[in-house]
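Here's a quick briefing to read with the model open in your viewer.

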Amino acid sequence: MPPRPAGTRPTLSLVAKTAGTSVPTVSKVLRGGTDVSAETRARVMEAVRAVGYTRRAGARGEGAREESGWSNVLDLVVTHFEGSWANLLIAGVGREAAAAGLDVVLTLAEPHGDWVSRVLRRRTLGVVGTLVDPASPQFGALFAAGVPVVLIDPMTAPPPGVTSVGVANWEGGRMAAEHLLSLGHERMGVVAGHARHLFSRARVDGFRAAADTGTAGRARVTVTHGGWNRAKAATAAHALLDGDPGITAVFACADSMALGVYDALSARGLRVPDDISVIGFDDLPEAQYITPGLTTVRQPSTELGAAAVKLLLDLSRGEDGGTRPPARMELATELVVRASTGPVARGAASGR
């Protein structure tokens, strides 16, 4: 396809030409129409991505807000509903939506499902997306259709101009490392999430930076990946200690993975924190109830959900006028000290 002239905006006609279909068919796909084959829908969405088409602000129609279902429904799109973190976030979304007179539709974003067409047909006020990849074709359809979208700590970098809200992940990683350094730990392990996830990388980077600058480069930090999963985190913790038996503290990038670290240490006959200190990230209810109580970096999960709804309301009202680039909002993290961290054991640095 030849490059379009500089400064011109991609049009539906260009999308249709690229996809080898008609403008009405493209329009139907972006409205969530059901009488389009899966093959044609995929071809249209690939063309949308290729040409960079997005509907102009306000192009959904000035009278659309008066239509049934438009003004009182928002979609919370997630890849799974399980787990305490998701429940806390859903609670925040629900409370803020109710205060604004909105109903929330929980939409499960199956990787290869056609959930996006259902969202488009609902003529939703907008979408809050969490635990999702904004680079997916389905989210591309939402962006192209001009649906207001707010992403909560997206897994990968969102397209330019897409609003996101998250927590200070780098700062949280820094706080975790500085707490362990203050207790004398200089041989530390990190059980991270997926390597490609931005928030996991930020937590690891903050931890590494603090460990390096706080010890003039003396600290040793070894990183493995546990995929946000308790069982995989246990396997990762075993790998850490097999590779460096002298590790005296472990930072798990999520509380769910910290539970897996506890499992691994127990299986090895090691005590928390007498033999190895453990610090997590999230401050889920489980962090208080496990023994010993988990020191962790608190992220305000419920507040994240509420903040995302407020941003979505601003976008749907057009308060940015379509001209001001939406900023990423970050909420502060804080250290919560419990019983799982303590001073480095005497002689621990020499190995076990």
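Pro 273 sits in the loop that runs between helix 10 (255-267) and strand 9 (277-282); helices (H or I, at least four residues) and strands (E, at least two) are DSSP runs, numbered from the N terminus. A cis peptide bond, with omega at about 0 degrees, links Val 272 to Pro 273. Keep in mind that this is a predicted model: local features need pLDDT of at least 70 and side-chain atom pairs count only at pLDDT 80 or more, while totals for chains, interfaces and linings use all residues. Residues are numbered from 1 along each chain as its sequence is written, and side-chain values use heavy atoms, with hydrogens and water left out.

**The chain overall**

- There are twelve helices and twelve strands in the chain.
- Of the 352 residues, 51% are buried, where buried means under 20% relative accessible area, exposed means over 50%, and partly exposed is in between (1.4 Å probe, protein chains only).
- Take the contacts between residues at least 6 apart in sequence: 73% of them join residues at least 24 apart, with contact meaning heavy atoms within 4.5 Å.
- The chain exposes about 15700 Å², and carbon and sulfur atoms supply 54% of that; accessible areas come from the Shrake-Rupley method with a 1.4 Å probe, and for residues only the protein chains shown count as cover.

- As background, most residues other than glycine have a negative phi, and most peptide bonds are trans.
- A cis peptide bond also joins Thr 291 and Pro 292, with omega at about -10 degrees.
- Pro 292 belongs to the loop between helix 11 (285-289) and strand 10 (295-298).
- Leu 131 isn't a glycine, yet has a positive phi of about 55 degrees; look for Leu 131 in the loop between strand 3 and helix 6.
- With a relative accessible area of 17%, Leu 131 is buried.
- Asp 153, not a glycine either, has a positive phi of about 35 degrees and lies in the loop between strand 4 (149-152) and strand 5 (163-167).
- Asp 153 is buried, at 9% relative accessible area.

**Helix 5 and its surroundings**

- Helix 5 covers residues 115-122, and its buried residues are Trp 115, Val 116, Ser 117, Val 119 and Leu 120.
- Those buried residues pack against helix 2 (23-30), helix 3 (38-51), strand 1 (73-78), strand 2 (103-108), strand 3 (127-130) and helix 6 (137-144).
- The axes of helix 5 and helix 6 come within 9 Å and cross at roughly 20 degrees; axes are lines fitted to C-alpha atoms, for helices over the stretch in contact, and angles run from 0 to 180 degrees between N-to-C directions.
- On the helix 5 side, Trp 115, Val 116, Val 119 and Leu 120 meet Gln 138, Phe 139, Ala 141 and Leu 142 of helix 6.
- By class, that contact of helix 5 with helix 6 has seven nonpolar, one polar and no charged residues (Ala, Val, Leu, Ile, Met, Phe, Trp, Tyr, Cys and Pro count as nonpolar, Asp, Glu, Lys and Arg as charged, and the others, Gly among them, as polar).

**A buried loop threonine**

- Thr 215 lies in the loop between helix 8 (198-214) and strand 7 (220-225), and counts as buried at 3% relative accessibility.
- Setting aside neighbours within four places in sequence, Thr 215 is in contact with Leu 181 and Glu 186.
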